[in-house]
Structure formats: structure tokens, C-alpha cells
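Hi,

Here is the model we talked about.

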Amino acid sequence: MTAAQLMKTSGFESVGGGANEWQETPEVIALRAKTGLRILMAVITSLFFLFIVSFLIRSQIADWEHLSAPWKPLANPWPLWINTGALVLASIFLQWSRISSRKQEARRTVETLVLAGFFSLVFIGGQLAVWQQLMSLGYFVSTNPANSFFYLLTGLHGLHLAGGLMAWCKTVVKAWRGMPIKQLSSSIELCAMYWHYLLGLWFVLLGLLTSSPETYAALVRLCGL
Amino acid sequence: MAYVHDAEKEALHQPHSFWSKYVWSQDHKVIAIQYSLIAIFAGIIALVLSAMMRMQIGFPGSLEFMDANTYYQAMTMHGMIMVIYLLTALFLGGFGNYMIPLMVGARDMVFPFVNMLSVWFYFLSVIILLASFFVPGGPTGAGWTLYPPQAITAGTPGMEWGIILMLVSLLVFIIAATMGGLNYVTTVIQARTYGMTLLRMPLTVWGIFMATILALLAFPALFVSGVMMLLDRTIGTSFFMPEMISMGQQTDYDGGSPILFQHLFWFFGHPEVYIVALPAFGMISDILSVHSRKKVFGYKMMVWAIVAIGVLSFIVWAHHMYVSGMNPYFGFFFATTTLIIAVPTAIKVYNWVLTLWKGDIHMTVPLLFAVAFIFTFLAGGLTGLFLGNVIVDIPLSDTYFVVAHFHMVMGVAPVLVVFGSIYHWFPKITGRMMNDKIGMWHFWITFLGTYAIYFPMHYLGILGMPRRYYDSTAYEFIPQSAHDLNAFITIAALIVGAAQVLFIYNMIHSAFKGKESGPNPWNAASLEWQTPQTPPVHGNWGEKLPVVHRWPYDYSVPGVKEDFVPQNVSEQELEANKVKL
């Protein structure tokens with residue numbers, strides 16, 4: 001076999017990614033950050049998927065008291081819907097900020113970015129208020145596994161949002177220090193991706209937490225558990 | 001324009017002081033060495049614990065301090081440290097960090113700061129774990145699988161603080177592994193140099209890449225179970241804890257499912273086997289190729305086998321739970337998938353052997369370890385086929401046969417790869433060769449010694465000797481011959497354990513006083529051996545990144561004077577310098 005034959009390697013072309021200089025271009029850095037975030041979102045999906053499966057299995061044991069049953073706190077979950085509205089607004093404002101940054105509208109970009117953070121904080125505050133309300137009604141974390149899962153899932157989702165807010169803070173500081181919108185846009189892009197993801201995740205969790213016992217039973221049967 | 005200055009600094013992360021160069025370093029090579037040294041330190045502790053256990057098994061009562069609680073604590077910590085804190089950390093954090101950027105032609109990992117955080121979180125996790133030796137009640141003695149309800153029920157050693165520290169340590173470790181994993185995967189996807197297509201990557205990178213994907217998707221299962229058990233233990237939830245009476249008292253727990261924990265644990269636990277095995281598969285392929293001066297046989301098949309094993313490893317977990325009382329149809333399903341996963345694994349074994357076939361085999365220390373790995377992995381893998389079948393597993397479950405199986409397949413086999421790989425890549429890391437004679441002694445004692453330990457264990461298992469017993473002399477059904485064999489195994493284990501001093505001495509002595517190796521002592525073709533400096537300096541490649549023209553296995557190419565062609569030699573250069581090369 002000749003060296004030329006040996007050289008013939010099929011497969012995907014190299015993405016390169018590295019310039020021949022030490023400093024990578026901003027586009028390359030942004031692309032890598034996006035890839036990293038996508039992988040992180042896959043990890044978070046795996047985490048919540050496993051929590052949800054655990055939730056479903058545990059919900060089929062006799063001691064489970066559904067929080068969404070009649071006369072239970074989540075039978076009419078309007079506080080959760082208000083919080084959901086805040087998170088939807090946060091996501092919308094981040095998307096707005098993303099679009100504005102692409103159009104190089106500096107003022108609009110920063111304004112909407114700040115508003116997104118504000119509504120995210122409203123969401124977290126609202127979730128804590130729901131926790132307080134549940135506790136005032138005697139639904140403590142260890143009283144029943146349904147309560148435990150409620151606190152656990154909403155708490156972990158909130159923690160992930162809090163982590164996102166740290167990245168958001170960093171972006172706001174960059175904007176405050178005068179970073180040009182063109183360079184800021186990659187950070188906003190990442191924030192927007194993450195917020196949309198967390199909003200989607202929240203819809204799944206909200207659906208799960210407020211569903212009826214029959215739905216859980218059907219899902220468990222469907223999964224063959 | 002402060003931000004521009006900051007951004008440049010961040011991207012280059014050029015070290016300026018001792019602290020930024022060796023402690024808070026963002027250089028992947030320093031991080032790799034930090035990971036490796038911490039892992040080896042943890043591994044030595046686990047090795048000492050195993051020696052203590054073996055003393056108790058072989059010569060019961062010989063250690064005064066060894067009561068039943070201490071035995072179970074030693075067993076638990078030995079297992080957890082070896083699987084998670086040594087092997088996982090060493091393969092991904094150690095070899096992954098060192099090899100990936102060099103083998104794909106990158107200057108560093110793509111997120112160096114996160115990479116640095118990863119190693120320090122790992123360090124923190126080890127500190128938390130080891131702290132459990134010093135808290136009231138000592139470390140947990142729940143067994144490395146930490147099954148509830150036993151793990152957090154009164155009477156289990158370490159139930160007070162040990163189990164809490166173990167779970168917190170695991171959670172911190174998972175965060176560290178995730179931060180590292182994001183780097184390894186993104187670097188492979190996004191930072192390969194010019195010409196480095198996916199199918200020109202060495203199998204080492206493929207193995208580590210796939211293992212990292214498994215880690216990223218499987219560790220969440222351990223995280224989920226860890227968080228829920230921590231809440232059961234600390235604030236009294238009942239995720240896993242059933243209604244029960246403990247020490248004559250009704251506990252506050254109600255309705256939890258211990259089996260749910262087992263499912264979550266093994267959904268992580270089985271891919272964990274391949275998180276350790278896949279990097280080992282990759283590295284062994286490269287070592288065999290270099291030292292037998294032959295291309296890897298069936299490279300593409302090897303890549304697809306790695307991918308297939310990775311995917312299949314997610315649907316075999318319940319073969320660890322045949323005796324948990326699950327639905328027999330589940331047993332049938334998991335036995336079938338277990339047999340299926342043997343197919344790509346067997347392909348790899350055949351291809352390793354065929355790589356050696358008619359090669360120009362150099363009997364170097366790395367090659368010996370590689371061949372020893374094939375034997376050991378084969379023996380451990382075949383007993384895995386036994387245990388993968390429900391009908392064979394049930395009588396053998398909880399016997400020494402299982403202990404022998406998993407130690408062969410994911411204890412000794414990967415450790416042989418670790419040794420072989422250190423002997424192989426040591427010259428690149430330090431610029432010096434390890435001592436060959438000491439290496440040979442180390443190899444033969446370790447290889448023959450581990451067989452003296454684990455081969456008889458299969459017999460003990462078939463004899464029906466149960467694992468986990470603190471003092472087997474108290475049972476009439478265990479014959480004297482089993483005790484004699486246990487004494488023999490203990491002596492072999494102590495010899496093998498002591499022989500590791502040779503390796504540690506060789507490593508430390510050679511790092512400072514070893515013979516200078518030059519840049520490429522094995523005449524290897526892959527990219528990590530082509531760096532302008534040895535050991536590679538910060539940034540790896542000097543001014544220009546390398547350009548890759550070929551795969552990493554161009555050995556004994558006809559018409560070329562030297563028996564290897566480096567990956568960064570172009571076709572034109574090859575033609576022009578045919579004689580010189």
C-alpha cells in the first residue's frame with residue numbers, strides 16, 4: 001500500500017477552528033462557547049429527565065399525595081402561572097436584546113437585557129413566594145414525597161436560572177464598561193439560548209407538577225415502568 | 001479599552017508567576033499533571049485499604065484495629081476511590097487533558113478557566129471524601145454502591161457523617177467532571193487543527209471523547225440519586241427510604257423505593273464501566289500500533305465499535321440487578337443487550353490481536369502492559385458473559401466470582417493500561433525515559449501477581465464463598481481449602497501492592513534523573529510526538545499550528561526509509577525526502 005493510499009481517509013472535514021496565530025478570532029470563540037452551552041444543556045436535560053422518571057415511579061407508590069388533587073394547593077396553580085408569565089417575559093426581552101444587538105442598536109440592546117434580568121428575578125422571587133405559601137399551609141418538604149419533589153424540581157430549576165443570572169451579570173458589567181455591541185452580542189446570544197431552554201424546561205416541569213394522578217399513571221404505563 | 005486587554009489575557013492565559021504556572025494554571029498539561037497526581041495519591045490510599053482488607057480475609061484477626069465496621073468502611077472507600085477518584089479522574093482528567101489538545105493539534109482546551117476550575121473542584125471532592133476518615137463515626141461502610149435503606153440506617157458505620165460527606169464529595173466530583181467534560185468534547189468538536197478530520201484522530205482521542213459523552217450523560221444519574229439520598233438523610237424526605245423499623249423503633253420514613261435508587265445508580269454505574277474502559281481501549285490501540293510498527297487493524301471498525309459500545313452501555317444497566325426481584329422479562333431484555341454489547345467488544349479484541357499479527361513487535365514495557373491488558377480484559381470479559389446471563393448470575397451473585405470478574409475487567413485491565421500509557425507517554429511529558437529494567441520487574445510482578453490474586457477467586461466463587469463477609473472462618477460451609485487459598489491470595493496481593501513502590505520510585509527518579517528521551521523516542525507518527533519542544537511548552541505548537549496530512553498510523557509504509565510517517569508530513573514532503581525519512 002502506498003502512502004497516498006494510506007492518506008485516503010474519509011470522514012468529515014476538519015472544522016479547523018484555530019487560526020495560525022495565538023489569538024483566536026471572536027467568531028471562533030463564540031462558536032466554541034455556543035457548542036459548550038449546547039453540551040451543557042444536554043447534560044441538564046439528562047439530569048431533569050432522570051428526576052422526572054424518578055418522580056413518575058415514586059408517584060405510583062401508595063403514600064403519594066398529589067399536590068394537584070382537588071382542595072390541594074396546586075389544584076388551582078395561578079401563582080405558578082404568574083411566575084411563568086415573568087419567565088416568558090424574561091425570555092422575550094432576551095430575544096429582543098439578541099435581535100437588537102444584531103442590528104447594532106446599543107441602547108435597546110442594553111435596556112431589554114436589563115429587563116430580562118429583572119423579570120428573571122421576579123420569577124425566582126415568585127417561586128420563593130410559592131414555597132412560603134406552601135409551607136404556611138403545612139406542606140413541608142418532608143411531609144410527603146409529592147411535596148419533596150415539588151421543592152426539589154422547582155429549587156433545582158431556580159438554581160439553574162440563578163447560574164444563568166451570573167452570566168447575565170457578567171454581560172451587564174461588560175455593557176456597563178462600554179464593550180461595543182458587536183462583541184457583546186455573542187454573550188447575549190448565549191444568554192438568550194439558555195433562557196429559552198430554561199423556559200422550555202419550566203413548561204415541562206409545570207406540566208408535570210400540575211398534572212392529574214391519572215396522567216402520571218398513564219405516563220408510567222406508557223414507559224413500561 | 002480595558003475589556004480588550006482582559007479578553008486577550010483570557011484567551012492567551014499566559015502564565016506569569018509560579019502560582020499561575022503551577023497552581024492556578026490554565027494550561028491543559030499542568031492541569032493534567034495536577035489531576036494525575038491527586039488521582040494517584042487517592043489511589044495509593046485505596047491500595048492500602050485493600051491491603052488491610054486482604055489481611056483480614058487471609059489472616060483473620062491479624063490486624064487488631066480491624067473490626068467488622070472498619071472492614072466495611074475500608075471496603076466502601078476502596079471501591080469508591082478506585083472507580084471514581086482514581087480511574088475516572090485519571091483517564092479523563094489526567095490523560096484526557098494531556099492528550100486531547102496535543103493529539104488534535106490545539107493550543108489548549110477551549111475553556112481553560114473552566115478546565116482549571118474542574119481540577120480544583122476535583123481536589124475539593126477528594127478533600128471532602130478523605131475528611132470522612134476524621135469525623136465522628138468515620139467514613140461510610142455502606143458498600144461502594146451506597147444502597148439505601150442500609151446506607152442511611154442506624155447500625156451502618158459512618159451513618160452519622162461519613163455518608164453525608166461521601167454524597168457531597170460525589171456531587172462536587174460530578175460538577176468537576178462536567179466542567180472537564182465540556183472542555184474535552186468541545187475541544188474535539190471545535191478545536192482540531194487543519195486537516196485533522198474526525199477519522200484522522202488517534203483512537204485514544206476517540207476513546208476519551210466517547211467516554212466523556214458517556215460521563216456527561218450518565219453522571220447526572222448519580223447526581224440525582226445522590227441529591228435525593230442526601231435529602232433523605234438530612235431533612236427526612238422519603239425518596240428511597242421505605243417505611244421500616246430500625247433498632248426497635250419505627251422510623252419517620254414512609255413509602256420510599258430502594259429499587260429506584262438501584263436503577264438510578266446502575267444507570268450511571270454501567271456506563272461508568274465504559275467511562276473507564278473506552279479511554280483504555282483507545283490508548284491500548286495506539287500503544288500496540290506504535291510498538292508493533294503496524295497500522296491499527298480495522299481503524300474505522302474500531303471507531304464504530306467505540307461508538308456502539310458507548311450507545312449500548314446505556315441499555316444494559318439492570319444486569320447488575322438480577323437478584324433485586326425485578327420482572328423476569330426485564331431480565332431477559334437486559335441479558336440480551338448484555339450479550340449484544342459483547343459483539344463490538346469482541347471486534348476490538350480481534351483487531352488488537354490482528355494489529356500485532358506479523359508486526360515488527362518491540363518488546364518494550366508499554367507493549368508488555370498492552371498485551372497483558374488484552375489477556376486480562378479477555379478473561380474478565382468472558383466471565384462477564386457468564387454473569388450477564390440471569391440463570392448463571394443468580395447462583396454466582398454475591399460470591400467471589402463476581403469480585404474476580406469486575407476486578408479483572410475494570411480493575412486490573414484499566415490499571416495495566418494506565419501503567420502502559422505512563423511508560424509510553426512519560427518521555428513526552430518529562431523529556432526523559434523511565435528506567436526499563438525497573439519497568440520490567442514492575443510489569444512481571446504486577447501481571448503475574450494480579451493473576452495469582454484473581455484467578456483463584458473465580459474458584460472460590462464457584463465454591464460458593466460469599467463476598468462482603470468480614471470473617472469467613474465463622475461459617476462451616478466454607479472449607480479449609482478456601483481459607484488456605486485466601487491466605488495465598490493475600491500474600492500475592494501484598495507482593496503486588498509492594499511492587500508498586502518500584503513504579504512510584506521509577507516515576508519520580510526518572511522525572512529528574514532519567515535518560516533524556518528526545519522528542520520522539522518510539523518513532524511514533526501521531527501528532528503529540530511532533531511538538532517543537534519536548535516537553536511541550538505553553539501553547540504547544542510555537543508560532544504556527546501543525547497541518548495534518550494523514551492518519552496517525554502510517555507505520556512501515558512501503559518505499560519509505562524510516563518505518564513511520566508523522567501525521568504532519570505532507571505528500572510532497574514525503575516524495576521529496578523519501579530517502580531521508
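Below are my notes, chain by chain and then spot by spot.

Some housekeeping first: this is a predicted model, so to speak of local features I needed pLDDT of at least 70, side-chain atom pairs count only at pLDDT 80 or more, and totals for chains, interfaces and linings use all residues. Residues are numbered from 1 along each chain as its sequence is written, while chains are lettered from A and ligands numbered from 1 in the order in which they are written.

**Chain A**

The mean pLDDT (the predictor's confidence in each residue, from 0 to 100) is 89 for chain A, with 90% of its residues at 70 or more. The stretch to be careful with is residues 1-21 of chain A, where pLDDT stays under 50. The model still has 51 contacts beyond four places in sequence for that stretch; a contact here is two residues whose C-beta atoms, placed from the backbone, lie within 7 Å. Where pLDDT is low, the predicted coordinates should not be read in detail.

Chain A has 7 helices and 0 strands, so the pattern along the sequence reads α-α-α-α-α-α-α. Helices (H or I, at least four residues) and strands (E, at least two) are DSSP runs, numbered from the N terminus. Of the 225 residues in chain A, 35% are buried. By that I mean 20 or more other C-beta atoms within 10 Å of a residue's own, with 12 or fewer making it exposed and anything in between partly exposed; the C-beta atoms are placed from the backbone. Among contacts in chain A with a separation of 6 or more, 76% join residues 24 or more positions apart.

Q104(A) sits in the loop between α3 (78-102) and α4 (106-136) of chain A, and counts as exposed because it has 12 C-beta neighbours inside 10 Å.

**Chain B overall**

Chain B comes to 16 helices and 2 strands. How does its radius of gyration fit a compact globule? For 581 residues such a globule would be near 25 Å, and chain B, at 24 Å, agrees. The radius is taken over C-alpha atoms, and the globule rule is 2.2 Å times the number of residues to the power 0.38. The C-alpha trace of chain B spans about 85 × 65 × 50 Å along its principal axes. Buried residues are 56% of the 581 in chain B, and 79% of the contacts with a separation of 6 or more are between residues 24 or more positions apart.

**A helix pair in chain B**

Take a look at α8 (residues 258-291) and α9 (residues 299-312) of chain B: their axes come within 11 Å and cross at roughly 175°. That makes α8(B) and α9(B) roughly antiparallel to each other. Which residues of α8(B) and α9(B) make the contact? From α8(B) they are Y274(B), L278(B), F281(B) and S285(B), and from α9(B) they are M302(B), I306(B), I309(B) and G310(B). By class, the contact has 6 nonpolar, 2 polar and no charged residues. For the terms: axes are lines fitted to C-alpha atoms, for helices over the stretch in contact, with angles from 0 to 180 degrees between N-to-C directions. Angles under 35 degrees count as roughly parallel, over 145 as roughly antiparallel, 65 to 115 as roughly perpendicular and the rest as oblique. Ala, Val, Leu, Ile, Met, Phe, Trp, Tyr, Cys and Pro count as nonpolar, Asp, Glu, Lys and Arg as charged, and the others, Gly among them, as polar.

Y98(B) is in helix α4 (residues 68-104) of chain B, and is buried because 24 C-beta neighbours lie inside 10 Å. Beyond four places in sequence, Y98(B) is in contact with H28(B), K29(B), A32(B) and I429(B).

The loop between α5 (112-131) and α6 (162-190) of chain B holds P149(B), and the peptide bond from P148(B) to P149(B) is cis, with omega near 0°. G158(B) is found in the loop between α5 and α6 as well, and counts as buried, with 27 C-beta neighbours inside 10 Å. Leaving out residues up to four places away in sequence, G158(B) touches several residues, including Q73(B), S132(B) and I163(B).

Another cis peptide bond runs from T534(B) to P535(B), with omega near -5°. P535(B) is in the loop between α15 (480-513) and α16 (571-576) of chain B. S556(B) is placed in the loop between α15 and α16 too; its phi is near 50°, positive in a residue other than glycine. With 16 C-beta neighbours inside 10 Å, S556(B) counts as partly exposed. For context, most residues other than glycine have a negative phi, and most peptide bonds are trans.

Cheers
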